[in-house]
Amino acid sequence: MYDGMINVRKEKGYTSHDVVARLRGILHQKKIGHTGTLDPDATGVLPVCLGKGTKLCDMITDREKTYRAVMLLGRTTDTQDISGQTLSESEVHVTEEEVRRASESFIGDYMQVPPMYSAIKINGKKLYELARSGKEVERKPRRVMIHSLEIQSVQLPYVTMEICCSKGTYIRTLCQDIGEMLGCGACMAELTRTKVGRFDIMEAWTLDEIETMAVQGEDIVRQHMVSVEDMLADYETVRTMDITADKMLLNGNRLSADQLKAPDLADGQLVRVYSSTGTFIAVYQFDEKTRSLKNIKMFV
């Protein structure tokens, strides 16, 4: 059984579900999950959780993401990317400076309307299921954050840019919104996710490469994984004082600060909790008001 995370370099044509399904066959284990979908035509970093690492999935999705995107000006589509049905086409009469100014105006807080072709659920139905049946529903704008946006090249009608953003940001919607601001429309032509938190595309492996590792042996695969503890390395570590506290910890009970060998903790701070014998057990959160810690995630 593999426990931890592996950095998959998703190739074009695979859904995130396809990646998980193939990894289950390669690694011969069922407990596998991804940390956030990438569209089938998109490529790049897809961190995948294995075994106990699946408990990290919802914690990793909060991390910043970096993309390299190619925007095509002068065309809009129903999916907001080049694979969709064309809705409009127009000539592009904008300057490079206008493109830069419009694109960079989205840096910071940005209220974005999710696309119809997305996995977001409304009344129990995924939006893309409704879109495929010809229905369109009202979507409320959601606050996202564009931390940085750098134009790398402008070869009209194509614009290549690097974007660092918060979770939940749709880059194809960003492209459409930039095109709308420029008055010519736009859609996304290419997308590569280059970074998710600590996971970088330069240290990502294709499914074929991971399959080769698995043939070479489990130890080879583990050398290319990140352990659960390493994924939580930025959390402070604390340790229980004695066997009595160990029993409470193993049961996921609330622990008082007096039961732990712990530094001064801030209200709401997440910590890694180890038993008195030094075994990593769980992630807990400190509550200043009660001077105690509550269980957030168990890893045993």
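# Close-up views of a predicted model

**Figure 1. Helix α3 passes helix α5 in a right-handed crossing.** This view comes from a predicted model. Helix α3 covers residues 96–104, and helix α5 covers residues 171–182. Their axes lie 9 Å apart and meet at an angle of about 125 degrees. That angle makes α3 oblique to α5. On the α3 side, the contact is made by Glu98, Val99, Ala102 and Ser103. On the α5 side, Ile178, Met181 and Leu182 take part. By class, five residues of this contact are nonpolar, one is polar and one is charged.

**Figure 2. Helices α1 and α6 pack with their axes 10 Å apart.** Helix α1 spans residues 16–27, and helix α6 spans residues 207–216. The packing angle is about 15 degrees. An angle under 35 degrees counts as roughly parallel, so α1 and α6 are roughly parallel to each other. Their crossing is right-handed. From α1, the contact draws on Val19, Arg22, Leu23, Ile26 and Leu27. They meet Leu207, Asp208, Ile210, Glu211 and Ala214 of α6. Seven of the contact residues are nonpolar, three are charged and none is polar.

**Figure 3. His28 has a positive phi.** His28 sits in the loop between α1 and β2, the strand of residues 32–34. Its phi is near 60 degrees, although the residue is not a glycine. Most residues other than glycine have a negative phi.

**Figure 4. A cis peptide bond joins Leu156 and Pro157.** Omega is about 15 degrees at this bond. Most peptide bonds are trans. Pro157 lies in the loop between β10 (142–155) and β11. Strand β11, residues 158–165, has the highest confidence in the protein, with a mean pLDDT of 98.

**Figure 5. Six strands form an open sheet with mixed pairing.** The strand order is β16-β20-β19-β18-β15-β17. Strands β16 (255–256) and β17 (260–261) are the edges, and each pairs on one side only. Helix α9, residues 243–250, packs on the sheet. This helix touches β15, β16, β18, β19 and β20. The direction of α9 makes about 90 degrees with that of β19.

**Figure 6. Strand pairs within the sheet run in both senses.** Strands of a sheet pair through backbone hydrogen bonds, either parallel or antiparallel. Strands β19 (residues 280–287) and β20 (residues 292–298) run antiparallel, joined by six bridges. Here Val283 has Lys297 of β20 as its bridge partner. Strands β15 and β18 pair in the parallel sense over four bridges. Strands β15 and β17 pair in the antiparallel sense, over two bridges. Thr240 has Leu260 of β17 as its bridge partner.

Figure 7. The average pLDDT is 90. Of the residues, 92% score at least 70.

Conventions
Residues are numbered from 1 along each chain as its sequence is written. This is a predicted model: local features need pLDDT of at least 70, side-chain atom pairs count only at pLDDT 80 or more; totals for chains, interfaces and linings use all residues. Side-chain values use heavy atoms; hydrogens and water are left out. Axes are lines fitted to C-alpha atoms, for helices over the stretch in contact, and angles run from 0 to 180 degrees between N-to-C directions. Angles under 35 degrees count as roughly parallel, over 145 as roughly antiparallel, 65 to 115 as roughly perpendicular and the rest as oblique. A crossing is left-handed if the near helix is turned anticlockwise from the far one by less than a right angle, and right-handed if clockwise. Contact means heavy atoms within 4.5 Å. Ala, Val, Leu, Ile, Met, Phe, Trp, Tyr, Cys and Pro count as nonpolar, Asp, Glu, Lys and Arg as charged, and the others, Gly among them, as polar. pLDDT is the predictor's confidence in each residue, from 0 to 100. Two strands pair if DSSP finds at least two bridges between them.
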